[in-house]
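Me: I would like to learn how to read a few features in this structure. Could you walk me through them?

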Amino acid sequence: MSEKGHYHDVLDELNPQHRALRQMIPGVYRGFAEMSSAALTDGALDKKFKELIAVAIGVVAGCDGCIASHTQGAARAGATKEEAAEAIGVSILMHGGPATIYGARAYQAFCEFADTSQ
């Protein structure tokens, strides 16, 4: 594990894998990037809130890559640890016991990114 932490390592590990697949299907990745940008742009909901929604969905999906990416995004967008914890709490409400496992992982990831971005 790097000095930065596990979830930084998760993103570092996924980058070359994404790069290799993106070379094979660039149109799919281009379309996904456009959709991601449009979905996360400030609107009636701000980017921070949208990233926290994505964190909660990542918890329910049990997706470490999603958790790493969106906890980083939420921290960069100015979310607090309290906001992250409450968003994760909603995922636990909606998904039950399994969300307590990925919720704890997501909170650890959020703290890792929040603490290294200061």
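Me: Which residue lies over the face of Tyr 102, and at what distance from the ring centre?

Reply: Happy to start there, and keep in mind that this is a predicted model. A charge counts as sitting over a ring if the charged group is within 6 Å of the ring centre and within 35 degrees of the ring normal. Here Arg 105 is the residue over the face of Tyr 102, 4.6 Å from the ring centre.

Me: How many aromatic pairs are there?

Reply: Ring centres have to lie within 6.5 Å to pair. By this rule the count is 0 aromatic pairs.

Me: Let's turn to helix packing. How do the axes of α4 and α6 cross?

Reply: Look at the approach and the angle together. Helix α4 (residues 64-76) and helix α6 (residues 97-116) have axes that come within 8 Å and cross at roughly 40 degrees. That angle makes α4 oblique to α6, and their crossing is right-handed.

Me: Which residues of α4 and α6 meet?

Reply: From α4 come Asp 64, Ile 67, Ala 68, Thr 71, Gln 72, Ala 74 and Ala 75, while α6 brings Tyr 102, Arg 105, Ala 106, Ala 109, Phe 110, Phe 113 and Ala 114. By class, this contact of α4 with α6 has 10 nonpolar, 2 polar and 2 charged residues.

Me: And what about α3 and α5: how do their axes cross?

Reply: The axes of α3 (residues 47-61) and α5 (residues 81-95) come within 9 Å, crossing at roughly 40 degrees. The two helices are therefore oblique to each other, and α3 passes α5 in a right-handed crossing. Among the residues making the contact are Leu 52, Val 55 and Val 59 of α3 and Ala 84, Ala 87 and Ile 88 of α5. The residues of this contact of α3 with α5 divide into 8 nonpolar, 2 polar and 2 charged.

Technical notes. Residues numbered from 1 in each chain as written. Predicted model: local features only at pLDDT ≥ 70, side-chain atom pairs only at ≥ 80, totals over all residues. Heavy atoms only, no water. Phe/Tyr/Trp six-rings, centres within 6.5 Å; stacked < 30°, edge-to-face > 60°. Axes fitted to C-alpha atoms, helices over the stretch in contact; angles between N-to-C directions. Helix = DSSP H or I, 4+ residues; strand = E, 2+ residues; numbered from the N terminus. Parallel < 35°, antiparallel > 145°, perpendicular 65-115°, else oblique. Left-handed = near helix turned anticlockwise from the far one by under 90°. Contact = heavy atoms within 4.5 Å. Nonpolar A, V, L, I, M, F, W, Y, C, P; charged D, E, K, R; others polar.
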